[in-house]
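Please consider the following sequence and structure together with the briefing below.

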Amino acid sequence: MNPDLLLSRIGISQNFIQDATLLIVIILLTVVFAFLIGRGRLISVLVSFYISLALLNVFPKEYLKDYSYELGLFFILLILIAIFSKRIFGVYISSSEFMWRIFVVSFLEVVLFCSIVFSILPEKKALGYISQNAYGYLVSSPYNFLWLIAPIFFVYLIRKRLN
């Protein structure tokens, strides 16, 4: 039996299933990211995202003929900067009693990561993984700016309240 046909007979649209699946994946990645990275390196990984994206934007375009090269370079830069950032960035989220802060920053970083990856992928390829609505929320100009600025703004707010 075709699951799409069954879901459409119940009244659940394909877009809703794709959006719900994306939300579940983002929540699971947030939990894994929060525990894997931890509060000590969360801010340095966030800064690594920004530096990698900035370096990717100024990298000579003649070497990035395909989106796969662009994604590969972004991942390589992100990993290298994240590895060496421990010596550069000494900022971390303090106080283990504020676990919700760690999860919020992790969530914002995962969504930022998804936004960057889906903006690099061609739209047709990205729409094979997520719905048109989710693509708009992740890649369209105002939302892309929101996902870039939200983690920094949140970190600024929580650091201000801790001091």
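This is a predicted model: local features need pLDDT of at least 70, side-chain atom pairs count only at pLDDT 80 or more; totals for chains, interfaces and linings use all residues.

Residues are numbered from 1 along each chain as its sequence is written, and side-chain values use heavy atoms, with hydrogens and water left out.

**Aromatic residues**
- The whole structure holds seven aromatic pairs (ring centres of Phe, Tyr or Trp, the last by its six-membered ring, within 6.5 Å; planes under 30 degrees apart are stacked, over 60 edge-to-face, the rest tilted).
- The phenylalanine 74 and phenylalanine 75 pair is tilted, because the ring centres are 6.0 Å apart and the planes stand at 55°.
- Tyrosine 137 and tyrosine 143 pair edge-to-face, at 5.2 Å between centres and 90° between planes.
- Phe49, Phe74, Phe75 and Phe113 make up one aromatic cluster.

- Phenylalanine 74 is buried at 0% relative accessibility (buried is under 20% relative accessible area, exposed over 50%, partly exposed in between, with a 1.4 Å probe and protein chains only).
- Phenylalanine 75, in helix α4 (residues 67–88), is partly exposed at 33% (helices are DSSP runs of H or I, at least four residues, numbered from the N terminus).

**Glutamate 109**
- Glutamate 109 belongs to helix α5 (residues 99–120) and is buried, with a relative accessible area of 0%.
- Beyond its neighbours within four places in sequence, glutamate 109 contacts Phe33, Leu42, Val45, Leu46 and Phe49 (heavy atoms within 4.5 Å).
- The buried residues of α3 include Leu42, Val45, Leu46 and Phe49.

Conventions. Helices (H or I, at least four residues) and strands (E, at least two) are DSSP runs, numbered from the N terminus.
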